[in-house]
Amino acid sequence: MKVIYPGSFDPITKGHMDIIERISDKFDEVVVAVLVNSEKNNLFTLEERKQLIKQEIKDYGLKNVTIESFDGLLIEFAKKIGSKIIVRGLRAISDYEYELQIAHINSKLYEGLETIFLVSKAEYSYISSSVVKEVASYKGDISTFVSENVAEKIMDKLIGG
Ligand code: PNS
């Protein structure tokens with residue numbers, strides 16, 4: 001069974017990797033789908049975001065995880081790659097409200113599409129890419145939120161190393 005784990009991944013955090021690792025153990029194939037979206041709002045370009053994920057997947061030793069990008073509606077991407085299962089991580093109730101709405105919309109737009117929610121591990125429940133970037137912008141320590149490689153790349157971008 002092939003599942004899709006979509007997101008912006010600007011950049012990938014340890015919270016994302018926890019979800020990917022857990023689903024890669026439970027499904028035959030995991031496709032990490034990186035939203036192209038407007039590059040100007042992102043710290044990293046699409047290629048950089050994909051490259052960072054690729055390195056994480058390698059470091060975690062996950063063999064059944066591939067990375068693709070998509071633009072436009074997620075359901076169109078799901079149709080294209082032949083999967084009807086989307087996985088999303090839930091960190092808090094605030095995530096749930098938004099995610100529930102999107103899950104309903106997606107299943108309305110693509111009949112039979114299922115969204116599976118995984119509860120984030122407690123230690124990652126407060127992590128988001130945005131918060132990580134904010135901490136980093138003030139030169140705070142982000143080593144518990146992202147890998148060493150990702151932390152380095154964020155610092156390079158924000159404060160030139
Ligand atoms: O970075 P995030 O917030 O974890 O990811 C959100 C994402 C990419 C899963 C979501 O914004 C998305 O699927 N965008 C594509 C457009 C779409 O299909 N939206 C849902 C119907 S409104």
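## Helices 5 and 6

Helix 5 (residues 129-137) and helix 6 (residues 148-159) pack at about 60 degrees, their axes 10 Å apart. Their crossing is right-handed.

On the helix 5 side, Val132, Lys133, Ala136 and Ser137 meet Ile154, Met155 and Leu158 of helix 6, where contact means heavy atoms within 4.5 Å. By class, this contact has 5 nonpolar, 1 polar and 1 charged residues.

## About the model

This is a predicted model, in which local features need pLDDT of at least 70 and side-chain atom pairs count only at pLDDT 80 or more, while totals for chains, interfaces and linings use all residues. Residues are numbered from 1 along each chain as its sequence is written, and side-chain values use heavy atoms, leaving out hydrogens and water.

## Helices 1 and 2

Now to another pair: the axes of helix 1 (residues 14-26) and helix 2 (residues 46-60) come within 11 Å and cross at roughly 55 degrees. Helix 1 passes helix 2 in a right-handed crossing. Met17, Ile20 and Glu21 of helix 1 make the contact with Glu56, Ile57 and Tyr60 of helix 2.

## Around the ligand

Which residues are around the ligand? They are Pro6, Gly7, Ser8, Leu35, Phe70, Gly72, Leu73, Leu74, Arg88, Ile102 and Asn106, each with a heavy atom within 4 Å of the ligand.

For the polar side, a polar side-chain atom of Ser8 sits 2.9 Å from a ligand oxygen atom. A polar backbone atom of Leu74 is 2.8 Å from an oxygen atom of the ligand, and an N or O atom in the Arg88 side chain is 3.1 Å from one.

Definitions and conventions:
Axes are lines fitted to C-alpha atoms, for helices over the stretch in contact, and angles run from 0 to 180 degrees between N-to-C directions. Helices (H or I, at least four residues) and strands (E, at least two) are DSSP runs, numbered from the N terminus. A crossing is left-handed if the near helix is turned anticlockwise from the far one by less than a right angle, and right-handed if clockwise. A polar contact is a pair of N or O atoms within 3.5 Å; within protein, one must be able to donate a hydrogen and the other to accept it, and residues adjacent in sequence count only if both atoms are side-chain atoms. Ala, Val, Leu, Ile, Met, Phe, Trp, Tyr, Cys and Pro count as nonpolar, Asp, Glu, Lys and Arg as charged, and the others, Gly among them, as polar.
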